[in-house]
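Welcome! Let's walk through this structure together, one part at a time. Keep the sequence and the 3D view open as you read.

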Amino acid sequence: MIVDDSDRSIRLAVGMLREGRVVAMPTETVYGLAADASNAEAVSRIFAAKGRPPDHPLIVHLGIGANLRDWARHVPEEASRLAEALWPGPLTVILERHASVLPEVTGGLGTVAIRIPAHPVTQRLLESFGGGLAAPSANRFGRVSPTTARDVCSDLGSAVDLVIDGGPCEIGVESTIVAFIEGEVTILRPGAISPEAIARVLGHPIGTTAHSPVRAPGMLASHYAPTTPLELCMPDEIALRGAELVSAGARVGVLALVRIEVPGATAIWDAGGDIGIFARSLYRHLRQADAEALDILVVELPPDEGLGVAVRDRLRRAARR
Ligand code: TXA
Ligand code: MG
């Protein structure tokens, strides 16, 4: 059932969460499928609803003013600084877990992922609930993350009892994940908080997974994948490649930062030259590609900076199969 974001809906959701049930909630990045992080049975319902392997760790979402030390054994000074500067917001930090954090939440790891989201509806929910909410993206395992309440329903169906509709997600790609493990700071997943923004807060550049032994267990190839195959292109290659595919008889879709004409294409989408709009509408377009039964979606790889880093990362994963 989809409900609005009124106080009545929040009360209904909190009641269900206290009973150990799962509730889908909006966040500024993507919709999450939430359960009480201190209730192992409730957390197991998330995995069942998503069809996700139980050894995949979840992010614990906390309210503004929550004490990180209730969840992490040790909070490095640089982690505190990032949290201070960038929370609430699309940032997840990975820290050594406090002994009280359920292994069901951390996938049995010695670390825990924590995020204080900025979406006002999520914050009202967290404040009324009073504890931590474990929540992965509210999609079936391996599929595209939902950015509207309707996406959650069409993907999870009756596996989720309640979806709070907080409108379309403003950012549209998942949070930036930064790990603080054994004195090393590493970006495990790029997001709206860019490497440049993190470097500005910390006063030095930081590495990404490519240069680190630290691994994110959920970072599988062929994640965030639509059914439609994707072909990733530089902007100046799209018109020619699109034309080739159209003349071969394919139902072709085109997704680019700035509109590119491909005569005979079934769908042509663009982001008006704005990388923020590209990110916000990316998953919607991947879903639309499936809905239009395209044979192939030709997508522009945006410039490798700022939010473009996260968009390229998701496109690469969506294109791999
Ligand atoms: O924006 C987001 O982060 C959204 C919203 C709902 O908050 N959540 C989200 O959750 O994207 P999920 O579960 O789809 O992705 C979380 C990622 C997974 O790849 C998981 O493996 C990784 O975070 N992760 C969680 N805990 C971890 C840990 N202790 N060590 C390494 N990676 C971890
Ligand atoms: Mg996910």
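This is a predicted model: local features need pLDDT of at least 70, side-chain atom pairs count only at pLDDT 80 or more; totals for chains, interfaces and linings use all residues.

Gly 253 has Ala 267 as its bridge partner, and Ala 267 sits in E14.

Now turn to another sheet. Here eleven strands form an open sheet, and their order is E1-E8-E2-E3-E7-E4-E6-E5-E9-E10-E11, with mixed pairing. What stands at the edges of this sheet? Strand E1 (2–3) and strand E11 (207–208) do; each has a single partner strand, so one side of each is left without a neighbour in the sheet.

Within this sheet, follow E5 and E6 for a moment. Strand E5, made of residues 91–96, pairs with E6 in the antiparallel sense, over four bridges. You can find one residue pair to look at here: Val 93 has Ile 114, in E6, as its bridge partner.

Two backbone details in the loops deserve a look as well. As a rule, most peptide bonds are trans, and most residues other than glycine have a negative phi. The peptide bond from Trp 87 to Pro 88, however, is cis, with omega near -5 degrees. Pro 88 is found in the loop between helix H3 (77–86) and E5.

Finally, let's visit ligand 1. Which residues come nearest to ligand 1? Of the 25 residues around it, they are Thr 29, Arg 52, His 61, Ser 175 and Arg 189. Several polar side chains can be picked out. In Thr 29, an N or O atom of the side chain is 2.7 Å from an oxygen atom of ligand 1. For Ser 175, an N or O atom in the side chain is 2.5 Å from an oxygen atom of the ligand. Arg 115 has a polar side-chain atom 3.1 Å from an oxygen atom of ligand 1.

How much of ligand 1 does the protein bury? Taken alone, the ligand exposes 680 Å², and the protein buries 97% of that. Strand E4 (59–61), strand E6 (111–115) and strand E10 (184–189) are the elements that give two or more residues to the shell around ligand 1. The largest share, four residues, comes from E6. By class, the shell has 14 nonpolar, seven polar and four charged residues.

How values were computed
Residues are numbered from 1 along each chain as its sequence is written. Chains are lettered from A and ligands numbered from 1 in the order in which they are written. Side-chain values use heavy atoms; hydrogens and water are left out. A residue is near a molecule or strand if one of its heavy atoms lies within 4 Å of it. A polar contact is a pair of N or O atoms within 3.5 Å; within protein, one must be able to donate a hydrogen and the other to accept it, and residues adjacent in sequence count only if both atoms are side-chain atoms. Accessible areas come from the Shrake-Rupley method with a 1.4 Å probe; for residues, only the protein chains shown count as cover. Ala, Val, Leu, Ile, Met, Phe, Trp, Tyr, Cys and Pro count as nonpolar, Asp, Glu, Lys and Arg as charged, and the others, Gly among them, as polar. Two strands pair if DSSP finds at least two bridges between them.
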